[in-house]
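Trainee: Could you take me through this model slowly, and tell me for each term what rule stands behind it?
Mentor: Gladly; let us look at it together and begin with the words themselves.

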Amino acid sequence: MAKNKNAGHKGSYGYQKLKEREPRACIRFKCALTNTILDILRRRPGWVEVKEEGEWDFYWCDVCWLRENFDHTYMDEHVRICHFRNHYELTRKNYIVKNLKRFRKQIEREAGKLEATKCDFFPKTFEMPSEYHLFVEEFRKNPGITWIMKPVARSQGKGIFLFRKLKDVIDWRKDGVRTDDQKDETQVENYVAQCYIENPYLIGGRKFDLRVYVLVMSYIPLKAWLYRDGFARFSNTRFTLSSIDDHYVHLTNVAVQKTAPDYDPEKGCKWMIQRFRQYLTAKHGAEVVETLFAEMDNIFIKSLQSVQKVIISDKHCFELYGYDILIDQDLKPRRSGYNPQWLVSISLMSLQCHWGRLYLNWLLEVNASPSLTASSQEDYELKCRLLKDTLHIVDMEGRLTGKEKRIGGFDLMWNDGPVSRAEGNVDTPVNGSFMANTHLGYNNDRKKQLKQLFKPLHTQQKV
């Protein structure tokens, strides 16, 4: 790696097919974090940590380094870093909504209104303060419902609050002209006001959301992998709408929940996603759960497609995203002409607030830096598996053929088009019906699969 302030770096404005790389005996890495990822990098055979000014082949950087250095760093062909230059188009709460709205309009123009409804998986959202007056219009149409305010660029539940009265968000009122006295005042922080999902699916009376991992290796063409493992994050307190100021009821972030007075660090607030899938299957049946998880697949793909043309798809970059998904109550399938959907028992006001759409899965946000700090031993083991398999796919060692559809716990779900579970062609229907190559919540027998994949090398490397 070398600095080159004038030349920029290769491949900044488009994906280029990677040339076959010679296997590398020694990988020099840097890591900006001190949690699970550093453990995994230090244990990886043939990988050597370099000091601050040393040359590197692989950098697990933070977004601050990316913002300050990416445009001034020259990278050799083989070098890899863990973020795309403008990842925020997907991961900032205001930008993802803007991109999804634009993408929905594009689909409606090109394929019709029915197809466009497949993008209606995010609650009605307004950017504040820029869309304050539009928000007020919507607020007055549906008096009495609950809204949630989220800062656009913060994480771990910081700055979030729920409200039902306009006076609670008066600070975000945008006046066209600032007086002389106001000009020196600090600008209000950008937030999004989002219609709160008042009827979440509950387990044991508690709210939860799902953390699911998606690895993107390229945007042009789009190549994305879905991890089999993930988890449900539960609130520590039973759900109720009568106390909207209680974060322990409404926010499932571990950073919030672990500060609860009765939080038990041994138990934690997580279920592995396999346990969650088994619970739903026992309660609602396999067919219902298959359709539910297929709806999640749609969220992953449509959200990535919505930013495909705006993300700078540099060949040196990859990104591991943490998707946060919320599920509505009352899993009752509804038949329609093109695809099974979901009937959710919610009030007319809530339906109007959520785009008039009967939907079960809601995309809350996408994280460019999902937490890699473990909250329990089980969580640590999950994140170790996830990160090892991420490095297998990044393939700094040059061992893969490029034709793999499964690597460890990752399944290739999109490769410039949908990937089928069937052997052979990526888009070949199975007995007349397409089965996507996704296995979220299924058994993750990754060790066995990796031994077969790396058979010539499995005695040299612990997977």
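Mentor: Ala, Val, Leu, Ile, Met, Phe, Trp, Tyr, Cys and Pro count as nonpolar, Asp, Glu, Lys and Arg as charged, and the others, Gly among them, as polar. With that rule, the lining of the largest pocket divides into 18 nonpolar, 12 polar and 13 charged residues. Please keep in mind that the model is predicted, that local features need pLDDT of at least 70 and side-chain atom pairs pLDDT 80 or more, while totals for chains, interfaces and linings use all residues. Residues are numbered from 1 along each chain as its sequence is written, and side-chain values use heavy atoms, with hydrogens and water left out.

Trainee: What makes a space a pocket, and what makes it a cavity?
Mentor: On a 1 Å grid over the protein atoms alone, a cavity is a set of points where a 1.4 Å probe fits but cannot get out, whereas a pocket is an open set with protein on both sides within 12 Å along at least five of seven lines; a lining residue has an atom within 4 Å of a point. A volume is the space filled by probe spheres set on the points, which are joined across faces, edges and corners. The largest pocket has a volume of about 1200 Å³, and of its 43 lining residues the closest to its centre are Ser-155, Asn-367, Ser-369, Pro-370 and Ser-371.

Trainee: Why is the pair of Phe-84 and Tyr-219 called edge-to-face?
Mentor: Rings of Phe, Tyr and Trp (its six-membered ring) pair if their centres lie within 6.5 Å, and planes under 30 degrees apart count as stacked, over 60 as edge-to-face and the rest as tilted. The centres of Phe-84 and Tyr-219 are 5.0 Å apart and their planes stand at 75°, so the pair is edge-to-face. Phe-84 lies in the loop between strand E6 (80–81) and helix H3 (88–91), and Tyr-219 in strand E11 (residues 208–219), 135 residues apart. By this rule the count comes to 29 aromatic pairs.

Trainee: What makes a charge sit over a ring?
Mentor: NZ of Lys or CZ of Arg must be within 6 Å of the ring centre and within 35 degrees of the ring normal. Lys-30 lies over the face of Tyr-59 at 4.9 Å from the ring centre, and the charged end of Arg-277 sits over the ring of Phe-293, 4.2 Å from its centre.

Trainee: How do you know that helix H10 is largely enclosed by the rest of the structure?
Mentor: Buried means under 20% relative accessible area, exposed over 50% and partly exposed in between (1.4 Å probe, protein chains only). Of the 21 residues of H10, 17 are buried, so the helix is largely enclosed by the rest of the structure. Phe-84 and Tyr-219 are both buried as well.

Definitions and conventions:
Helices (H or I, at least four residues) and strands (E, at least two) are DSSP runs, numbered from the N terminus.
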